[in-house]
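Subject: Model for your files, with notes on helix packing

Dear colleague,

Please find the structure below. My notes on its helix packing follow.

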Amino acid sequence: MIRRLRRASVFAAVAAFAALAPALGAAAAVPFFAVAGVAFFGVRDGEWFETLALPGDREEERLYGFVSFALAGAGLALFASLPRAPLPYEAFAAATLAVGAGRLGRTLVSRRTTDEFPLVAGYVAAGTAAALVGQVAVRLQTGAPVDGAALPLLTFLAAAAALTAALVRSLVFSRDAHITTILVAFVTWGFLALEPTVGAPLIVAGLAVTGALGYVSFAISTASVAGMLTGVVSALLAVVLGGVGWFLTLMSFYAVGGLASKYRFDEKAARGVAQENEGARGTGNVLANSAVALAAVVGYAAAPHLAVPAAPLGFAFAGATATAMADTLSSEIGGLYDGPRLVTTLRRVEPGTDGAITWQGELAGLSGALIVGALAAGGAPYLDPVAPGGVAAGGAVVAAGVAGMTVDSLLGALIEGDRVGNQTVNFLATLAGAAVAVSLWAVV
(Lines give C-alpha, C1' and ligand atoms only; values in the text may rest on other atoms or scores of the structure.)
Protein backbone atom coordinates (compact mmCIF):
# COMPACT_ATOMS: atom_id res chain seq x y z
CA MET A 1 0.00 0.00 0.00
CA ILE A 2 2.85 2.42 0.84
CA ARG A 3 4.39 1.83 -2.58
CA ARG A 4 1.05 2.37 -4.31
CA LEU A 5 0.61 5.65 -2.43
CA ARG A 6 4.12 6.79 -3.33
CA ARG A 7 3.53 5.84 -6.97
CA ALA A 8 0.26 7.77 -7.11
CA SER A 9 1.93 10.77 -5.44
CA VAL A 10 4.68 10.80 -8.08
CA PHE A 11 2.12 10.65 -10.89
CA ALA A 12 0.29 13.59 -9.30
CA ALA A 13 3.53 15.55 -8.85
CA VAL A 14 4.44 15.08 -12.52
CA ALA A 15 0.94 16.13 -13.54
CA ALA A 16 1.37 19.34 -11.51
CA PHE A 17 3.91 20.58 -14.06
CA ALA A 18 0.92 21.26 -16.32
CA ALA A 19 -0.18 24.11 -14.06
CA LEU A 20 3.13 25.89 -14.80
CA ALA A 21 2.81 25.64 -18.59
CA PRO A 22 1.96 29.34 -19.24
CA ALA A 23 5.00 30.49 -17.25
CA LEU A 24 7.29 28.01 -19.00
CA GLY A 25 5.94 28.90 -22.43
CA ALA A 26 7.71 27.04 -25.24
CA ALA A 27 9.67 25.09 -22.62
CA ALA A 28 6.50 23.64 -21.05
CA ALA A 29 7.31 20.18 -22.37
CA VAL A 30 10.85 20.13 -20.94
CA PRO A 31 9.97 18.90 -17.40
CA PHE A 32 7.88 16.07 -18.83
CA PHE A 33 10.61 15.01 -21.26
CA ALA A 34 13.18 15.17 -18.46
CA VAL A 35 11.08 12.97 -16.18
CA ALA A 36 10.45 10.49 -19.01
CA GLY A 37 14.14 10.33 -19.89
CA VAL A 38 15.29 9.78 -16.33
CA ALA A 39 12.63 7.10 -15.73
CA PHE A 40 13.35 5.27 -18.97
CA PHE A 41 17.15 5.32 -19.02
CA GLY A 42 18.05 5.75 -15.36
CA VAL A 43 15.58 3.64 -13.40
CA ARG A 44 15.91 -0.04 -14.28
CA ASP A 45 15.81 -1.59 -10.79
CA GLY A 46 15.91 -0.73 -7.13
CA GLU A 47 13.37 0.92 -4.82
CA TRP A 48 12.24 3.60 -7.29
CA PHE A 49 11.66 1.02 -9.98
CA GLU A 50 9.61 -1.14 -7.63
CA THR A 51 7.64 1.92 -6.53
CA LEU A 52 6.78 3.21 -10.01
CA ALA A 53 6.38 -0.09 -11.84
CA LEU A 54 2.88 -0.81 -13.18
CA PRO A 55 1.57 -4.26 -14.21
CA GLY A 56 3.79 -5.58 -16.99
CA ASP A 57 6.71 -3.23 -16.30
CA ARG A 58 8.67 -5.70 -14.19
CA GLU A 59 8.66 -8.33 -16.93
CA GLU A 60 10.01 -5.79 -19.41
CA GLU A 61 12.34 -4.10 -16.87
CA ARG A 62 11.19 -0.68 -18.06
CA LEU A 63 8.80 1.84 -16.53
CA TYR A 64 6.71 1.99 -19.69
CA GLY A 65 3.51 3.02 -17.92
CA PHE A 66 5.04 5.95 -16.05
CA VAL A 67 7.17 7.00 -19.02
CA SER A 68 4.14 6.95 -21.32
CA PHE A 69 2.24 9.19 -18.91
CA ALA A 70 5.13 11.69 -18.84
CA LEU A 71 5.43 11.62 -22.64
CA ALA A 72 1.70 12.20 -23.00
CA GLY A 73 2.14 15.29 -20.81
CA ALA A 74 5.04 16.41 -22.97
CA GLY A 75 3.04 16.00 -26.16
CA LEU A 76 0.10 17.94 -24.80
CA ALA A 77 2.47 20.63 -23.49
CA LEU A 78 3.87 21.08 -26.99
CA PHE A 79 0.37 21.18 -28.39
CA ALA A 80 -0.56 23.89 -25.89
CA SER A 81 2.59 26.02 -26.12
CA LEU A 82 3.47 26.05 -29.82
CA PRO A 83 1.94 28.98 -31.74
CA ARG A 84 0.16 26.87 -34.37
CA ALA A 85 -1.12 24.25 -31.91
CA PRO A 86 -3.88 25.98 -29.96
CA LEU A 87 -4.73 23.48 -27.22
CA PRO A 88 -5.88 25.75 -24.36
CA TYR A 89 -3.70 25.69 -21.28
CA GLU A 90 -6.85 25.14 -19.21
CA ALA A 91 -7.63 21.92 -21.08
CA PHE A 92 -4.03 20.73 -20.71
CA ALA A 93 -3.95 21.42 -16.97
CA ALA A 94 -7.42 20.02 -16.31
CA ALA A 95 -6.78 16.75 -18.14
CA THR A 96 -3.30 16.06 -16.76
CA LEU A 97 -4.19 16.91 -13.18
CA ALA A 98 -7.53 15.08 -13.32
CA VAL A 99 -5.67 11.87 -14.22
CA GLY A 100 -2.66 12.36 -11.95
CA ALA A 101 -4.54 13.55 -8.86
CA GLY A 102 -7.45 11.20 -9.54
CA ARG A 103 -5.08 8.28 -9.27
CA LEU A 104 -3.84 9.62 -5.93
CA GLY A 105 -7.37 10.12 -4.64
CA ARG A 106 -8.33 6.56 -5.51
CA THR A 107 -5.22 5.20 -3.79
CA LEU A 108 -5.91 7.17 -0.62
CA VAL A 109 -9.47 5.83 -0.45
CA SER A 110 -8.23 2.28 -1.08
CA ARG A 111 -6.46 2.42 2.29
CA ARG A 112 -9.88 2.30 3.95
CA THR A 113 -12.10 0.30 1.62
CA THR A 114 -12.07 -1.86 -1.47
CA ASP A 115 -15.67 -1.05 -2.48
CA GLU A 116 -15.69 0.24 -6.03
CA PHE A 117 -18.02 3.22 -5.62
CA PRO A 118 -15.93 4.95 -2.90
CA LEU A 119 -12.81 4.31 -4.99
CA VAL A 120 -14.39 5.94 -8.03
CA ALA A 121 -15.72 8.79 -5.88
CA GLY A 122 -12.22 9.37 -4.50
CA TYR A 123 -10.80 9.45 -8.02
CA VAL A 124 -13.42 11.92 -9.24
CA ALA A 125 -13.28 14.16 -6.16
CA ALA A 126 -9.48 14.46 -6.14
CA GLY A 127 -9.33 14.81 -9.92
CA THR A 128 -11.98 17.55 -9.93
CA ALA A 129 -10.29 19.51 -7.14
CA ALA A 130 -6.85 19.31 -8.76
CA ALA A 131 -8.17 20.14 -12.22
CA LEU A 132 -9.94 23.21 -10.82
CA VAL A 133 -6.82 24.40 -8.98
CA GLY A 134 -4.73 23.81 -12.11
CA GLN A 135 -7.06 25.89 -14.27
CA VAL A 136 -7.07 28.71 -11.74
CA ALA A 137 -3.25 28.63 -11.65
CA VAL A 138 -3.14 28.79 -15.44
CA ARG A 139 -5.48 31.77 -15.54
CA LEU A 140 -3.53 33.64 -12.89
CA GLN A 141 -0.45 33.30 -15.10
CA THR A 142 -2.18 34.29 -18.33
CA GLY A 143 -4.22 37.14 -16.85
CA ALA A 144 -7.57 35.55 -17.74
CA PRO A 145 -10.38 36.32 -15.30
CA VAL A 146 -10.88 34.20 -12.21
CA ASP A 147 -14.11 35.57 -10.78
CA GLY A 148 -17.65 34.59 -9.91
CA ALA A 149 -18.53 34.31 -13.59
CA ALA A 150 -15.53 32.15 -14.53
CA LEU A 151 -15.41 29.75 -11.56
CA PRO A 152 -18.63 27.86 -12.37
CA LEU A 153 -17.33 27.18 -15.90
CA LEU A 154 -13.96 26.06 -14.57
CA THR A 155 -15.71 23.80 -12.06
CA PHE A 156 -17.76 22.22 -14.84
CA LEU A 157 -14.65 21.64 -16.93
CA ALA A 158 -12.82 20.15 -13.95
CA ALA A 159 -15.71 17.81 -13.11
CA ALA A 160 -16.19 16.81 -16.73
CA ALA A 161 -12.46 16.08 -17.04
CA ALA A 162 -12.39 13.98 -13.86
CA LEU A 163 -15.55 12.05 -14.74
CA THR A 164 -14.32 11.38 -18.27
CA ALA A 165 -10.95 10.27 -16.89
CA ALA A 166 -12.65 7.89 -14.43
CA LEU A 167 -14.80 6.50 -17.23
CA VAL A 168 -11.88 5.94 -19.61
CA ARG A 169 -9.84 4.44 -16.78
CA SER A 170 -12.60 1.90 -16.16
CA LEU A 171 -12.33 0.78 -19.77
CA VAL A 172 -8.53 0.55 -20.22
CA PHE A 173 -5.60 -0.93 -18.32
CA SER A 174 -4.05 0.88 -15.35
CA ARG A 175 -0.81 1.44 -17.29
CA ASP A 176 -2.71 3.31 -20.00
CA ALA A 177 -2.87 6.63 -18.11
CA HIS A 178 -1.34 8.31 -21.17
CA ILE A 179 -4.31 7.31 -23.31
CA THR A 180 -6.69 8.62 -20.65
CA THR A 181 -4.83 11.94 -20.41
CA ILE A 182 -4.85 12.58 -24.15
CA LEU A 183 -8.53 11.70 -24.57
CA VAL A 184 -9.56 13.86 -21.61
CA ALA A 185 -7.52 16.81 -22.90
CA PHE A 186 -9.33 16.82 -26.23
CA VAL A 187 -12.73 16.30 -24.61
CA THR A 188 -12.10 19.25 -22.30
CA TRP A 189 -10.91 21.33 -25.24
CA GLY A 190 -14.17 20.58 -27.01
CA PHE A 191 -16.21 21.73 -24.02
CA LEU A 192 -14.17 24.94 -23.82
CA ALA A 193 -14.82 25.62 -27.49
CA LEU A 194 -18.58 25.43 -26.91
CA GLU A 195 -18.34 28.34 -24.41
CA PRO A 196 -21.27 27.12 -22.30
CA THR A 197 -22.98 29.53 -19.94
CA VAL A 198 -22.65 27.98 -16.51
CA GLY A 199 -24.07 29.56 -13.38
CA ALA A 200 -23.05 28.65 -9.84
CA PRO A 201 -26.48 27.29 -8.81
CA LEU A 202 -26.68 25.18 -11.98
CA ILE A 203 -23.28 23.54 -11.58
CA VAL A 204 -23.74 22.92 -7.83
CA ALA A 205 -27.19 21.40 -8.32
CA GLY A 206 -26.09 19.51 -11.42
CA LEU A 207 -23.11 17.88 -9.71
CA ALA A 208 -25.11 17.06 -6.58
CA VAL A 209 -28.07 15.54 -8.39
CA THR A 210 -26.09 13.61 -11.00
CA GLY A 211 -23.74 12.28 -8.33
CA ALA A 212 -26.65 11.16 -6.16
CA LEU A 213 -28.42 9.51 -9.07
CA GLY A 214 -25.20 7.80 -10.08
CA TYR A 215 -24.84 6.37 -6.59
CA VAL A 216 -28.44 5.16 -6.55
CA SER A 217 -28.08 3.48 -9.97
CA PHE A 218 -24.95 1.67 -8.80
CA ALA A 219 -26.38 0.81 -5.37
CA ILE A 220 -29.50 -0.84 -6.78
CA SER A 221 -27.48 -2.50 -9.56
CA THR A 222 -29.20 -0.86 -12.52
CA ALA A 223 -25.77 0.13 -13.87
CA SER A 224 -22.21 -1.13 -13.65
CA VAL A 225 -19.43 1.25 -12.58
CA ALA A 226 -18.65 2.14 -16.19
CA GLY A 227 -22.35 2.43 -16.99
CA MET A 228 -22.91 4.62 -13.95
CA LEU A 229 -20.07 6.94 -14.95
CA THR A 230 -21.39 7.13 -18.50
CA GLY A 231 -24.82 8.06 -17.19
CA VAL A 232 -23.43 10.71 -14.84
CA VAL A 233 -21.35 12.30 -17.61
CA SER A 234 -24.36 12.25 -19.95
CA ALA A 235 -26.65 13.81 -17.34
CA LEU A 236 -24.09 16.51 -16.50
CA LEU A 237 -23.71 17.44 -20.17
CA ALA A 238 -27.49 17.53 -20.60
CA VAL A 239 -28.03 19.95 -17.72
CA VAL A 240 -25.07 22.24 -18.53
CA LEU A 241 -25.15 22.27 -22.33
CA GLY A 242 -28.92 21.95 -22.72
CA GLY A 243 -30.72 22.95 -19.55
CA VAL A 244 -32.85 21.55 -16.78
CA GLY A 245 -35.57 20.45 -19.21
CA TRP A 246 -33.03 18.42 -21.20
CA PHE A 247 -31.74 16.88 -17.99
CA LEU A 248 -35.21 15.85 -16.80
CA THR A 249 -36.06 14.38 -20.19
CA LEU A 250 -32.91 12.26 -20.26
CA MET A 251 -33.23 11.26 -16.62
CA SER A 252 -36.75 10.01 -17.21
CA PHE A 253 -35.24 7.36 -19.47
CA TYR A 254 -32.40 6.47 -17.11
CA ALA A 255 -34.70 6.22 -14.08
CA VAL A 256 -37.71 4.50 -15.62
CA GLY A 257 -35.63 2.31 -17.92
CA GLY A 258 -33.35 1.21 -15.08
CA LEU A 259 -36.25 0.32 -12.82
CA ALA A 260 -37.99 -1.52 -15.66
CA SER A 261 -34.88 -3.67 -16.10
CA LYS A 262 -35.05 -4.75 -12.45
CA TYR A 263 -38.84 -5.24 -12.47
CA ARG A 264 -39.64 -8.95 -11.91
CA PHE A 265 -36.06 -9.68 -12.90
CA ASP A 266 -35.99 -13.26 -11.64
CA GLU A 267 -39.05 -14.09 -13.70
CA LYS A 268 -37.50 -12.59 -16.83
CA ALA A 269 -34.25 -14.43 -16.14
CA ALA A 270 -36.12 -17.71 -15.94
CA ARG A 271 -37.76 -16.95 -19.29
CA GLY A 272 -34.40 -16.04 -20.86
CA VAL A 273 -35.34 -12.44 -21.63
CA ALA A 274 -33.60 -10.58 -18.77
CA GLN A 275 -30.98 -7.88 -19.24
CA GLU A 276 -27.50 -9.41 -19.01
CA ASN A 277 -25.14 -8.72 -16.09
CA GLU A 278 -27.98 -9.02 -13.55
CA GLY A 279 -29.72 -6.03 -15.09
CA ALA A 280 -26.77 -3.67 -14.58
CA ARG A 281 -26.26 -1.71 -17.79
CA GLY A 282 -22.72 -1.07 -18.92
CA THR A 283 -21.13 1.71 -20.96
CA GLY A 284 -21.97 0.08 -24.30
CA ASN A 285 -25.63 -0.27 -23.42
CA VAL A 286 -25.92 3.27 -22.05
CA LEU A 287 -24.17 4.80 -25.05
CA ALA A 288 -26.14 2.70 -27.53
CA ASN A 289 -29.31 4.27 -26.17
CA SER A 290 -27.92 7.75 -25.43
CA ALA A 291 -25.24 8.52 -28.04
CA VAL A 292 -27.64 10.15 -30.51
CA ALA A 293 -29.24 12.21 -27.74
CA LEU A 294 -25.83 13.33 -26.46
CA ALA A 295 -24.74 14.29 -29.97
CA ALA A 296 -27.89 16.39 -30.19
CA VAL A 297 -27.05 18.11 -26.87
CA VAL A 298 -23.54 18.97 -28.06
CA GLY A 299 -24.95 20.12 -31.40
CA TYR A 300 -27.46 22.30 -29.60
CA ALA A 301 -24.66 23.96 -27.61
CA ALA A 302 -22.60 24.40 -30.79
CA ALA A 303 -25.50 25.76 -32.89
CA PRO A 304 -24.84 29.46 -32.10
CA HIS A 305 -21.19 29.04 -33.18
CA LEU A 306 -22.17 27.32 -36.43
CA ALA A 307 -25.08 29.62 -37.31
CA VAL A 308 -27.51 26.71 -37.58
CA PRO A 309 -31.01 26.49 -36.03
CA ALA A 310 -31.11 24.88 -32.60
CA ALA A 311 -34.76 23.75 -32.60
CA PRO A 312 -34.34 20.60 -34.74
CA LEU A 313 -31.58 19.44 -32.41
CA GLY A 314 -34.02 19.61 -29.52
CA PHE A 315 -36.44 17.44 -31.47
CA ALA A 316 -33.63 15.02 -32.36
CA PHE A 317 -32.75 14.74 -28.66
CA ALA A 318 -36.36 14.16 -27.67
CA GLY A 319 -37.01 11.68 -30.48
CA ALA A 320 -33.93 9.62 -29.64
CA THR A 321 -34.76 9.61 -25.93
CA ALA A 322 -38.41 8.69 -26.61
CA THR A 323 -37.21 5.78 -28.75
CA ALA A 324 -34.84 4.55 -26.05
CA MET A 325 -37.59 4.76 -23.44
CA ALA A 326 -40.23 3.09 -25.64
CA ASP A 327 -37.91 0.29 -26.73
CA THR A 328 -36.69 -0.41 -23.18
CA LEU A 329 -40.19 -0.58 -21.70
CA SER A 330 -41.45 -2.62 -24.63
CA SER A 331 -38.69 -5.20 -24.12
CA GLU A 332 -38.70 -5.27 -20.33
CA ILE A 333 -42.47 -5.39 -19.90
CA GLY A 334 -43.37 -7.31 -23.04
CA GLY A 335 -40.89 -10.05 -22.20
CA LEU A 336 -43.03 -11.05 -19.22
CA TYR A 337 -45.94 -12.17 -21.39
CA ASP A 338 -46.56 -15.26 -23.47
CA GLY A 339 -47.52 -15.40 -27.12
CA PRO A 340 -44.99 -13.00 -28.70
CA ARG A 341 -45.17 -12.61 -32.48
CA LEU A 342 -42.44 -11.78 -34.95
CA VAL A 343 -42.94 -8.21 -36.12
CA THR A 344 -42.30 -9.05 -39.79
CA THR A 345 -44.69 -12.02 -40.16
CA LEU A 346 -46.83 -11.88 -37.00
CA ARG A 347 -46.31 -15.61 -36.48
CA ARG A 348 -45.86 -16.86 -32.92
CA VAL A 349 -42.28 -17.29 -31.75
CA GLU A 350 -40.49 -18.16 -28.51
CA PRO A 351 -40.05 -15.43 -25.85
CA GLY A 352 -36.71 -13.67 -26.30
CA THR A 353 -36.65 -14.05 -30.09
CA ASP A 354 -35.10 -11.01 -31.78
CA GLY A 355 -37.86 -8.90 -33.33
CA ALA A 356 -40.64 -10.46 -31.24
CA ILE A 357 -43.39 -8.19 -29.90
CA THR A 358 -46.42 -8.47 -27.63
CA TRP A 359 -49.37 -6.13 -27.39
CA GLN A 360 -48.52 -5.55 -23.73
CA GLY A 361 -45.00 -4.56 -24.67
CA GLU A 362 -46.21 -2.23 -27.41
CA LEU A 363 -48.57 -0.55 -24.95
CA ALA A 364 -45.75 -0.14 -22.43
CA GLY A 365 -43.54 1.34 -25.14
CA LEU A 366 -46.25 3.82 -26.10
CA SER A 367 -46.56 4.83 -22.46
CA GLY A 368 -42.82 5.46 -22.29
CA ALA A 369 -42.91 7.61 -25.41
CA LEU A 370 -45.80 9.59 -23.90
CA ILE A 371 -43.75 10.30 -20.77
CA VAL A 372 -40.84 11.66 -22.80
CA GLY A 373 -43.14 13.59 -25.13
CA ALA A 374 -44.86 15.28 -22.19
CA LEU A 375 -41.57 16.23 -20.55
CA ALA A 376 -39.87 17.37 -23.74
CA ALA A 377 -42.74 19.44 -25.15
CA GLY A 378 -44.63 20.42 -22.01
CA GLY A 379 -41.80 21.87 -19.99
CA ALA A 380 -42.88 23.48 -16.73
CA PRO A 381 -43.60 27.00 -15.47
CA TYR A 382 -39.87 27.67 -15.06
CA LEU A 383 -38.42 25.39 -17.75
CA ASP A 384 -38.11 25.92 -21.46
CA PRO A 385 -39.34 22.86 -23.37
CA VAL A 386 -36.76 20.80 -25.22
CA ALA A 387 -39.13 20.51 -28.19
CA PRO A 388 -41.20 23.71 -28.27
CA GLY A 389 -44.56 23.66 -29.99
CA GLY A 390 -47.11 22.48 -27.45
CA VAL A 391 -49.35 19.50 -28.11
CA ALA A 392 -48.28 19.16 -31.74
CA ALA A 393 -44.62 18.99 -30.74
CA GLY A 394 -45.40 16.46 -28.03
CA GLY A 395 -47.27 14.34 -30.53
CA ALA A 396 -44.31 14.47 -32.89
CA VAL A 397 -41.99 13.23 -30.14
CA VAL A 398 -44.37 10.40 -29.21
CA ALA A 399 -44.73 9.37 -32.85
CA ALA A 400 -40.95 9.41 -33.23
CA GLY A 401 -40.57 7.21 -30.16
CA VAL A 402 -43.07 4.66 -31.45
CA ALA A 403 -41.48 4.73 -34.90
CA GLY A 404 -38.02 4.19 -33.44
CA MET A 405 -39.31 1.33 -31.28
CA THR A 406 -40.79 -0.28 -34.38
CA VAL A 407 -37.54 0.16 -36.29
CA ASP A 408 -35.74 -1.58 -33.42
CA SER A 409 -38.10 -4.55 -33.70
CA LEU A 410 -37.73 -4.69 -37.48
CA LEU A 411 -33.94 -4.57 -37.30
CA GLY A 412 -34.03 -7.22 -34.59
CA ALA A 413 -36.00 -9.53 -36.85
CA LEU A 414 -34.04 -8.80 -40.02
CA ILE A 415 -30.37 -8.26 -39.15
CA GLU A 416 -29.69 -8.81 -35.44
CA GLY A 417 -27.59 -11.86 -34.70
CA ASP A 418 -23.98 -12.93 -34.48
CA ARG A 419 -22.65 -10.12 -36.70
CA VAL A 420 -24.97 -7.31 -35.67
CA GLY A 421 -25.50 -6.99 -31.93
CA ASN A 422 -28.26 -5.54 -29.84
CA GLN A 423 -26.33 -2.38 -29.05
CA THR A 424 -25.90 -1.58 -32.74
CA VAL A 425 -29.62 -2.13 -33.29
CA ASN A 426 -30.44 0.15 -30.36
CA PHE A 427 -28.21 2.89 -31.75
CA LEU A 428 -29.76 2.66 -35.21
CA ALA A 429 -33.25 2.73 -33.71
CA THR A 430 -32.55 5.90 -31.70
CA LEU A 431 -31.04 7.45 -34.83
CA ALA A 432 -34.25 6.62 -36.69
CA GLY A 433 -36.34 8.09 -33.88
CA ALA A 434 -34.31 11.30 -33.99
CA ALA A 435 -34.72 11.51 -37.79
CA VAL A 436 -38.50 11.01 -37.55
CA ALA A 437 -38.78 13.70 -34.87
CA VAL A 438 -36.82 16.22 -36.96
CA SER A 439 -38.90 15.38 -40.05
CA LEU A 440 -42.12 15.92 -38.11
CA TRP A 441 -40.69 19.16 -36.67
CA ALA A 442 -40.25 20.43 -40.21
CA VAL A 443 -43.95 19.73 -40.82
CA VAL A 444 -45.17 21.05 -37.46
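Angles under 35 degrees count as roughly parallel, over 145 as roughly antiparallel, 65 to 115 as roughly perpendicular, and the rest as oblique. This is a predicted model, in which local features need pLDDT of at least 70 and side-chain atom pairs count only at pLDDT 80 or more, while totals for chains, interfaces and linings use all residues. Residues are numbered from 1 along each chain as its sequence is written, and side-chain values use heavy atoms, with hydrogens and water left out.

Helices (DSSP runs of H or I, at least four residues) are numbered from the N terminus. Axes are lines fitted to C-alpha atoms over the stretch in contact, and angles run from 0 to 180 degrees between N-to-C directions.

Helix H16 (residues 311-334) packs on helix H17 (residues 359-378) at about 150°, with the axes 7 Å apart. The two are therefore roughly antiparallel. Their crossing is right-handed (the near helix is turned clockwise from the far one by less than a right angle). Contact (heavy atoms within 4.5 Å) involves residues including Ala 318, Met 325 and Ile 333 of H16 and Gly 361, Glu 362 and Val 372 of H17. By class, 11 residues are nonpolar, six polar and one charged (Ala, Val, Leu, Ile, Met, Phe, Trp, Tyr, Cys and Pro count as nonpolar, Asp, Glu, Lys and Arg as charged, and the others, Gly among them, as polar).

Helix H3 (residues 30-42) and helix H6 (residues 64-81) pack at about 160°, axes 8 Å apart, which makes H3 roughly antiparallel to H6. Among the residues that meet are Phe 32 and Phe 40 in H3 and Tyr 64 and Leu 78 in H6. That contact has 14 nonpolar residues, one polar and no charged ones.

Regards
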